[in-house]
Amino acid sequence: MLKTFEVRTNNHNELIDITSQVQEVVKSLGVKNGICMVYIPHTTAGVTINENADPSVKHDILMEFSKLVSEHDHDYRHSEGNSAGHIKSTLFGSSVHLIIDHAKLVLGIWQGIYFGEFDGPRGRRVHVKIIEG
Amino acid sequence: MLKTFEVRTNNHNELIDITSQVQEVVKSLGVKNGICMVYIPHTTAGVTINENADPSVKHDILMEFSKLVSEHDHDYRHSEGNSAGHIKSTLFGSSVHLIIDHAKLVLGIWQGIYFGEFDGPRGRRVHVKIIEG
Amino acid sequence: MLKTFEVRTNNHNELIDITSQVQEVVKSLGVKNGICMVYIPHTTAGVTINENADPSVKHDILMEFSKLVSEHDHDYRHSEGNSAGHIKSTLFGSSVHLIIDHAKLVLGIWQGIYFGEFDGPRGRRVHVKIIEG
């Protein structure tokens with residue numbers, strides 16, 4: 001079972017909560033038990049699971065990633081100017097994986113699923129693949 | 001098949017070898033072939049696969065992560081003071097995935113599975129989900 | 001279904017495109033739908049998904065990772081001298097996961113799968129595990 005939804009980003013670097021969209025896919029497919037894979041088909045974006053309560057955590061993650069990975073390093077060779085986005089994409093990873101138990105995503109009480117935009121604003125896509133079992 | 005076990009951490013930053021607990025789950029469920037997902041339901045912890053032989057590797061990973069991600073950055077806004085833990089959680093990731101072949105985890109000779117604590121000491125939980133196939 | 005192939009690396013730090021080898025495994029097994037897991041059984045190597053077009057992106061990722069993680073930090077204790085490789089291995093991760101749809105890997109237009117060598121040159125192995133569904 002494979003579904004795709006779209007995400008509209010509004011900033012160059014941004015974390016967008018996609019938990020409800022993923023939960024909606026699981027619900028619409030009526031899956032009882034299995035694994036839910038959230039896959040990002042872009043190379044300057046990623047996905048992570050982190051705190052869903054205080055929005056300042058999103059700020060701190062993006063801010064620290066921008067300190068770690070220089071936006072304009074003189075040693076970058078890639079001419080499009082978005083090397084930082086590619087590097088953050090690898091640091092985040094291209095997929096996260098959730099457990100489906102009794103028709104619900106198993107998330108810790110503070111966990112949400114975040115789309116990571118690192119070269120926006122853009123229209124992006126998210127694939128949700130479910131394996132029952 | 002879903003099982004959960006508990007981990008007690010003893011330090012603020014710590015790597016704890018959970019390989020034997022994960023192997024025990026696989027053994028207890030009698031799975032022959034499939035995928036084993038190890039999932040951390042916390043936002044200031046993570047999981048990784050790394051060297052199981054020389055304990056100084058654990059030291060070096062934790063030390064270098066603490067150099068990368070400042071514990072007390074003046075630009076952090078999150079008031080709980082554990083932003084570094086949230087960021088390390090995203091750098092590690094919330095899950096690792098192992099192959100089960102002939103009823104055993106397929107691990108490289110030097111590989112062990114490590115729970116990463118970044119805001120301890122605490123009691124933590126680890127979910128193990130297995131899909132046969 | 002589990003297959004293993006070998007990769008020969010030529011540099012200390014290197015990204016090697018293994019997309020075609022993974023696609024070949026999927027094709028040879030005749031899988032229609034499912035998940036494809038690419039697993040690295042080494043602790044100074046990793047795997048990531050990133051841009052397959054401009055080779056300068058590979059350069060920029062490796063260069064920036066070497067700025068992030070010091071090759072010779074005086075605080076490293078691990079006597080083999082490859083602590084940086086272990087740390088990069090954790091930053092990359094030990095597996096990536098692809099969707100198989102209509103017998104093909106679902107990859108974004110710019111996405112390729114890269115083996116990350118961080119303590120080469122060496123002979124390395126890559127496991128490909130497929131779950132149908």
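A residue counts as exposed when its relative accessible area is over 50%, and as buried when that value is under 20%. Keep those two cut-offs in mind for the walk through this predicted model.

Start with N10(A). It sits in the loop between β1 (2-8) and β2 of chain A. Its relative accessibility is 54%, so N10(A) counts as exposed. Now look across to G123(A).

Strands of a sheet pair through backbone hydrogen bonds, either parallel or antiparallel. Here five strands form an open sheet, and the pairing is antiparallel. Read across the sheet, the order is β1-β8-β3-β5-β6. Which strands stand at the edges? They are β1 and β6 (104-106) of chain A. Each has a single partner strand, so one side of each is left without a neighbour in the sheet. On average, neighbouring strands of this sheet are turned by 30° against each other, direction ignored.

Strand β5 (residues 95-101) of chain A runs antiparallel to β6(A), and three bridges join them. In one of the pairings, D101(A) has K104(A) in β6(A) as its bridge partner. A helix also belongs to this picture. Helix α1 (residues 19-29) of chain A lies across β1, β3 (34-39), β5, β6 and β8 of chain A. It runs at about 155° to β1(A).

Turn to chain C. An open sheet of five antiparallel strands is found here, in the order β1-β8-β3-β5-β6. The edge strands are β1 (2-8) and β6 (104-106) of chain C. With a single partner each, they have one side without a neighbour in the sheet. Neighbouring strands of this sheet are turned by 30° on average, direction ignored. β1(C) pairs with strand β8 (residues 123-132) of chain C in the antiparallel sense, over seven bridges. There, L2(C) has K129(C) in β8(C) as its bridge partner. Helix α1 (residues 19-29) of chain C lies across β1, β3 (34-39), β5 (95-101), β6 and β8 of chain C, at about 155° to β1(C).

Now the helices. Helix α2 (residues 56-68) of chain A has 13 residues. At 1.5 Å a residue it should span 18 Å, and its end C-alpha atoms are 18 Å apart, which agrees. Its buried residues are S56(A), V57(A), D60(A), I61(A), L62(A), M63(A), E64(A), F65(A) and L68(A). What covers them? The cover includes β2 (14-17), β4 (45-51) and α3 of chain A. It also includes α2 (56-68) and α3 (83-92) of chain B, together with α2 of chain C.

In chain B, how many residues of α3(B) are buried? Ten of its ten residues are, so by the under-20% cut-off the helix is mostly covered. Among them are H86(B), K88(B), L91(B) and F92(B). Just after α3(B), G93(B) takes a positive phi of about 105°.

Next come the cores. In soluble globular proteins, nonpolar side chains tend to be buried together. The largest nonpolar core here has 87 residues. I18(A), C36(A), I18(B), C36(B), I18(C) and C36(C) touch the most other members. Leaving out residues up to four places away in sequence, I18(A) touches F5(A), V7(A), V38(A), I113(A), Y114(A), F115(A) and V126(A). A second, separate core of 45 residues includes L68(A), F92(A), L91(B) and Y114(C).

Last, the aromatic rings. The structure holds six aromatic pairs over all chains. In one of them, the ring centres of F92(A) and F118(A) are 4.9 Å apart and their planes stand at 70°, so the pair is edge-to-face. F92(A) lies in helix α3 (residues 83-92) of chain A, and F118(A) in the loop between β7 (111-117) and β8 (123-132), so the pair ties together parts that are 26 residues apart in sequence. Both are buried: F92(A) has a relative accessible area of 7%, and F118(A) has 1%. Chain C has F65(C) and F92(C), with ring centres 5.0 Å apart and planes at 70°, so that pair is edge-to-face too. F65(C) is in helix α2 (residues 56-68) and F92(C) in helix α3 (residues 83-92), 27 residues apart. F65(C) is buried at 1%, and F92(C) is buried at 8%. Back in chain A, F65(A), F92(A) and F118(A) form one aromatic cluster.

Note on methods
Residues numbered from 1 in each chain as written. Chains lettered and ligands numbered in written order. Predicted model: local features only at pLDDT ≥ 70, side-chain atom pairs only at ≥ 80, totals over all residues. Heavy atoms only, no water. Phe/Tyr/Trp six-rings, centres within 6.5 Å; stacked < 30°, edge-to-face > 60°. Helix = DSSP H or I, 4+ residues; strand = E, 2+ residues; numbered from the N terminus. Buried < 20%, exposed > 50% of the residue type's maximum accessible area, 1.4 Å probe, protein only. Pairing = 2+ DSSP bridges. Axes fitted to C-alpha atoms, helices over the stretch in contact; angles between N-to-C directions. Contact = heavy atoms within 4.5 Å. Expected span 1.5 Å × (residues − 1). Core = buried A, V, L, I, M, F, W, Y, C linked by side-chain atoms within 4.5 Å.
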